[in-house]
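Please go through the following model one region at a time.

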Amino acid sequence: MQFVKRVSVTVSMAEEAVLGYLEKNEEIKDSGEFAAERGIDHNEIVNVIKSLHGFRYVDAQEIKRESWVLTDEGKTYATVGSPEVQLFFAIPPEGISKLDLQKKLDPSLFKIGCAQAAKNKWVDMGKQLISRKVQNVDDKVKDLLLQIQQGLNIASDDIKALKARKLIVSQTWNGYSLKRGPNYAPKRKKVVTDLTRDNFQSGEWKELEFKEYNYSAKGQPLEGGNLHPLLKVRAQLKQIFLCMGFEEMPTNNFVESSFWNFDALFQPQQHPARDSHDTFFLEAPSTTKILPEDYVQRVKQVHESGGYGSRGYAYDWKREEANKNLLRTHTTAVSSRMLYQLAQKPFAPKKYFSIDRVFRNEAVDRTHLAEFHQIEGLVCDRGLTLCDLIGVLHDFFSRMGMTKLKFKPAYNPYTEPSMEIFSYHEGFKKWVEVGNSGMFRPEMLQPMGLPEDVQVIAWGLSLERPTMILYGIDNIRDLFGHKVDLGLMKKNPICRLGID
Ligand code: PHE
């Protein structure tokens with residue numbers, strides 16, 4: 001704490017010195033000289049200049065200079081004297097033998113001292129005796145080193161010599177020249193960042209100057225988790241359904257029996273979709289254990305011989321086929337369970353939706369994976385018609401930004417009539433298929449026990465399709481699976497609206 005306090009005192013002294021000087025003088029030519037004259041550390045002056053320049057109190061121009069600093073060896077000589085002078089004074093007036101002199105001095109000092117002293121013609125290096133040639137010597141090297149240490153300029157020949165002896169090295173020196181800036185004031189106005197209770201109580205707020213907001217400053221990058229585009233679009237779709245008054249169905253079972261996935265939906269057991277080329281069947285557990293028996297009987301009946309105004313498919317319905325476990329191929333399996341449950345209670349109209357994963361044994365290409373997500377909605381009420389379905393679809397898809405819709409007759413084993421849904425894509429300038437829909441057949445609803453006048457309108461679409469269009473991804477493998485670049489999650493916008 002002590003330390004921090006001291007630094008801030010010197011910084012403000014440095015600031016006062018700079019601003020005070022500029023009040024009476026045009027400019028500070030050299031921050032280095034300015035600092036030296038006042039005995040202030042140059043680094044502190046530089047910090048102050050940078051800050052004052054930032055707030056435009058001063059205009060600062062950078063100055064770069066080559067300067068010289070002492071090496072460790074140079075620093076030693078600057079304090080204890082050069083080796084040649086030390087050697088000179090180690091020689092008594094009557095002279096000394098080389099051996100004795102060597103004993104008195106450090107070996108490297110002896111070596112350098114001899115060479116330099118001889119060069120200066122200060123000593124006579126006789127074979128027997130080393131003796132002084134002059135009465136007295138000045139330590140010019142030490143003086144020069146001290147001058148450099150003080151930042152004084154010295155002659156270039158001297159510099160050359162000291163550099164050759166590796167007593168000094170060059171260093172780039174950075175300083176500034178400065179003038180008053182557009183916001184110059186002799187004293188820095190303290191701008192406050194927070195309005196406090198004290199400011200109010202003391203009335204000080206009237207005079208205070210507040211720091212301006214920097215709206216263009218970038219915030220810290222967020223380190224938190226990121227949602228995958230599929231999850232973002234899923235959340236938006238969930239919101240759309242909730243706004244339309246739909247309830248979410250529980251989809252937490254990827255494994256389903258063929259019964260709920262196909263049979264309950266009046267899909268005949270010979271239907272190609274029930275082939276292992278299209279559907280993933282489970283090896284273990286390979287069959288389901290519990291099914292509602294009386295309902296199973298009614299389903300068997302409707303497949304084999306019809307009823308409820310239908311002729312059925314006229315084939316031998318096999319329980320073993322219905323028992324087979326699989327990875328659900330559509331979320332309509334969930335819808336069939338929910339409608340069956342609904343039929344077990346006194347009838348009440350319902351609007352249900354689900355968004356979850358389904359699996360199909362498909363060849364993987366740029367638009368197909370063996371697993372994807374389905375969005376499904378259904379409305380169950382008395383007296384619904386195809387018009388209701390078309391109306392609900394317009395409402396639902398326009399909330400996703402798809403306002404131009406077209407419908408094309410289609411076939412599903414469990415709906416009649418059935419319609420494929422197309423939306424006009426403004427970007428692609430063409431109609432693209434966006435979903436499938438229909439009215440559930442009486443052969444599906446009546447065996448469940450729903451009243452005769454109850455109709456169910458329903459539709460389904462993939463979550464991947466709108467997500468790829470919204471996020472401009474044209475290969476599904478870039479959206480989902482092990483090849484996905486994780487940066488996809490970090491870089492994409494939080495939310496995208498409108499599919500066109
Ligand atoms: N289950 C259909 C599919 O997988 C979608 C659908 C749902 C169709 C509801 C009609 C009614 O494509």
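A314 counts as exposed, because its relative accessibility is 63%; exposed means over 50% relative accessible area, buried under 20%, and partly exposed in between, with a 1.4 Å probe and protein chains only. The model is a predicted one, in which local features need pLDDT of at least 70 and side-chain atom pairs count only at pLDDT 80 or more, while totals for chains, interfaces and linings use all residues. Residues are numbered from 1 along each chain as its sequence is written, and side-chain values use heavy atoms, with hydrogens and water left out.

A314 sits in the loop between α13 and α14 (319-323). Its phi is near 55°, which is a positive value in a residue other than glycine. Element names such as these refer to DSSP runs, numbered from the N terminus: helices are H or I runs of at least four residues, and strands are E runs of at least two.

The 12 residues of α13 should span 16 Å at 1.5 Å a residue, and the end C-alpha atoms are 16 Å apart, which agrees. The expected span is 1.5 Å times one less than the number of residues. Y295, V296, V299, V302 and H303 are the buried residues named in α13. Seen down the axis of α13, the buried residues fall within an arc of 125°, so they line one face of the helix; the arc is that of the directions from the helix axis to the C-beta atoms. Against these residues pack α12, α14, α15 (332-343) and α17 (442-448). Contact here means heavy atoms within 4.5 Å. Just after α13, G306 has a positive phi of about 85°.

Helix α17, one of those packing partners, contains Q446. Q446 counts as buried, because its relative accessibility is 15%. Leaving aside residues up to four places away in sequence, Q446 touches Y308, P451 and E452.

The next helix to look at is α16. Which residues of α16 are buried? They are L389, V392, L393, F396 and F397. These residues cover an arc of only 120° around the axis, which puts them on the same side of α16. Their cover includes helix α11 (229-243) and the strands β13 (371-382), β14 (405-412), β15 (415-425), β16 (430-440) and β17 (454-462). Just after α16, G401 takes a positive phi of about 95°.

Strand β15, part of the cover of α16, also holds P417. The peptide bond from E416 to P417 is cis, with omega near -10°. The loop between β15 and β16 contains K429. K429 has a phi near 55°, a positive value in a residue other than glycine. K429 is exposed, because its relative accessible area is 58%.

Now to the ligand. How many residues surround the ligand? There are 13, and the closest are H330, T332, R360, Q374 and Y414; a residue is near a molecule if one of its heavy atoms lies within 4 Å of it. A nitrogen atom of the ligand lies 3.2 Å from a polar side-chain atom of H330. In the side chain of R360, an N or O atom is 2.9 Å from an oxygen atom of the ligand. Q374 places a polar side-chain atom 2.8 Å from an oxygen atom of the ligand. The ligand taken alone exposes 320 Å², and the protein buries 91% of that; areas come from the Shrake-Rupley method with a 1.4 Å probe.

Last, Q128 lies in the loop between β4 (123-125) and β5 (129-132). Q128 counts as exposed, because its relative accessibility is 66%. Apart from residues up to four places away in sequence, Q128 touches I96, S97 and K98. Q128 and M400 are 272 residues apart in sequence and 107 Å apart in space, C-alpha to C-alpha.

Methods
Polar contact = N/O pair within 3.5 Å; in protein donor to acceptor, adjacent residues only side chain to side chain.
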